[in-house]
Amino acid sequence: MSWSEIGRYNASTPDGDVETVILEKDDQGNFRIKNDFGNNVFEFERMSAHEIFRKIQREVNDDLESDLNNAWDNFYDGDSEEPTVYDYDDCDYTD
């Protein structure tokens with residue numbers, strides 16, 4: 001089975017280090033994620049990869065959204081016109 005690299009991503013660790021994560025795909029459409037040292041490798045069948053990344057994205061987004069809402073609640077402290085994360089949902093300034 002031959003793997004080809006389709007992306008490299010830098011991820012910060014909780015202690016401030018940066019690790020490169022490599023996304024690869026094989027000739028049968030399966031995916032693999034590994035770190036640049038090669039000591040952490042996760043292989044996924046095509047549809048399993050789709051489902052797990054969708055679920056991970058949802059969990060991370062929900063957690064971040066909750067944290068942001070809590071921060072706004074504490075900042076405005078009872079103001080009836082509190083903004084929510086939905087008021088600031090366009091954070092992509094690359095357009």
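Predicted model: local features only at pLDDT ≥ 70, side-chain atom pairs only at ≥ 80, totals over all residues.
Local features rest on pLDDT of at least 70 and side-chain atom pairs on pLDDT 80 or more, whereas totals for chains, interfaces and linings use all residues. Residues are numbered from 1 along each chain as its sequence is written, and side-chain values use heavy atoms, with hydrogens and water left out.

Of its 95 residues, 18% are buried, that is, under 20% relative accessible area with a 1.4 Å probe, protein chains only.

On one side, β3 runs antiparallel to strand β2 (residues 18–26) through five bridges, with V21 opposite N35; strands count as paired if DSSP finds at least two bridges between them. Four bridges likewise join β3 to the antiparallel strand β4 (residues 41–44), where F42 is the bridge partner of I33.

R32 itself counts as buried, at 15% relative accessibility. Leaving aside residues up to four places away in sequence, R32 touches W3, I22, L23, E24, V41, F42 and E43, a contact being heavy atoms within 4.5 Å. The side chains of R32 and E24 also make a polar contact at 2.5 Å, defined as a pair of N or O atoms within 3.5 Å, of which, within protein, one must be able to donate a hydrogen and the other to accept it, residues adjacent in sequence counting only if both atoms are side-chain atoms.

Notes: Buried < 20%, exposed > 50% of the residue type's maximum accessible area, 1.4 Å probe, protein only. Helix = DSSP H or I, 4+ residues; strand = E, 2+ residues; numbered from the N terminus.
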